[in-house]
Amino acid sequence: MALAFLNLSRSFDPARNAVRFVGHDGMFQVLFFIEVGALAKSDAALQGTEPSVTRWLSSFDALRNSIQEVAHKAYSYRRRAFYTLTAADFR
């Protein structure tokens, strides 16, 4: 079965300083985290602004398609229970 993002919810995880979102591969749930540094690198509107949860989540929403593409790529290399996407993943 292929990885799908059926649930559009996302949340900020302060312990990881990342936005958390979920993918599904059949009946298996796969957790993804994207570090705020990766969001800042990918979203020019975030650069030079005061960080806030609202801005991180809005940035995630604006970049959702490209984030999910990178998540698919990471998942295709090796299947794990969770992934952390960093700025290096968005070249």
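Arg-64 is buried, with a relative accessible area of 14%; buried here means under 20% relative accessible area, exposed means over 50%, and partly exposed is what falls in between, using a 1.4 Å probe and protein chains only. This is a predicted model, where local features need pLDDT of at least 70 and side-chain atom pairs count only at pLDDT 80 or more, while totals for chains, interfaces and linings use all residues. Residues are numbered from 1 along each chain as its sequence is written, and side-chain values use heavy atoms, with hydrogens and water left out.

So who does Arg-64 pair up with? Its side chain meets that of Asp-61 in a salt bridge, at 3.0 Å from N to O. A salt bridge means a side-chain nitrogen of Lys or Arg within 4 Å of a carboxyl oxygen of Asp or Glu. In general, side chains of opposite charge can pair when their charged atoms come close. The structure holds three salt bridges.

Asp-61 also forms a salt bridge with Arg-10, and there the closest N and O atoms are 2.8 Å apart. That pair links distant parts of the chain: Asp-61 sits in helix H2 (residues 53–62) and Arg-10 in strand S2, 51 residues apart. Helices (H or I, at least four residues) and strands (E, at least two) are DSSP runs, numbered from the N terminus. Asp-61 is partly exposed at 33% relative accessibility, and Arg-10 is partly exposed too, with a relative accessible area of 26%. Put together, Arg-10, Asp-61 and Arg-64 are linked in a network of salt bridges.

## A salt bridge with Arg-79

The side chains of Arg-79 and Asp-25 also meet in a salt bridge, at 3.9 Å from N to O. Arg-79 lies in the loop between helix H3 (64–77) and strand S5 (82–85), and Asp-25 lies in strand S3, so this pair ties together parts that are 54 residues apart in sequence.

Are these two partners buried or exposed? Arg-79 counts as exposed, at 56% relative accessibility, whereas Asp-25 is buried, with a relative accessible area of 8%.

## Strand S3 and its neighbours

Asp-25 belongs to a strand worth a look of its own. Six of the eight residues of S3 are buried, so S3 is largely enclosed by the rest of the structure. Two strands count as paired if DSSP finds at least two bridges between them. S1 and S3 run antiparallel and are joined by two bridges, with His-24 of S3 as the bridge partner of Ala-4. S2 and S3 pair in the antiparallel sense as well, over four bridges; here Arg-10 has Phe-21 in S3 as its bridge partner. This hairpin has four residues between the strands, and Asn-17 in it takes a positive phi near 55°.

Then there's S4: S3 and S4 pair in the antiparallel sense over eight bridges, and in S4 the bridge partner of Asp-25 is Phe-28. The hairpin of S3 and S4 has two residues between the strands, and Gly-26 takes a positive phi near 65°.

## Aromatic rings

How many aromatic pairs does a search of the whole structure find? It turns up seven. Rings of Phe, Tyr and Trp (its six-membered ring) pair if their centres lie within 6.5 Å; planes under 30 degrees apart count as stacked, over 60 as edge-to-face and the rest as tilted. Take Phe-5 and Phe-21: their ring centres are 5.8 Å apart and their planes sit at 40°, so the pair is tilted. Phe-5 lies in the loop between strand S1 (3–4) and strand S2 (10–13), and Phe-21 in strand S3 (residues 18–25), so the pair ties together parts that are 16 residues apart in sequence. Phe-5 counts as buried at 14% relative accessibility, and Phe-21 is buried with a relative accessible area of 2%.

Phe-5 has another ring partner, Phe-32: the centres are 5.8 Å apart and the planes are at 55°, so this pair is tilted. It links distant parts of the chain, with Phe-5 in the loop between S1 and S2 and Phe-32 in strand S4 (residues 28–35), 27 residues apart. Phe-32 counts as buried, at 0% relative accessibility. Zooming out, ring pairs link Phe-5, Phe-21, Phe-32, Phe-60, Tyr-75 and Tyr-83 into a cluster.
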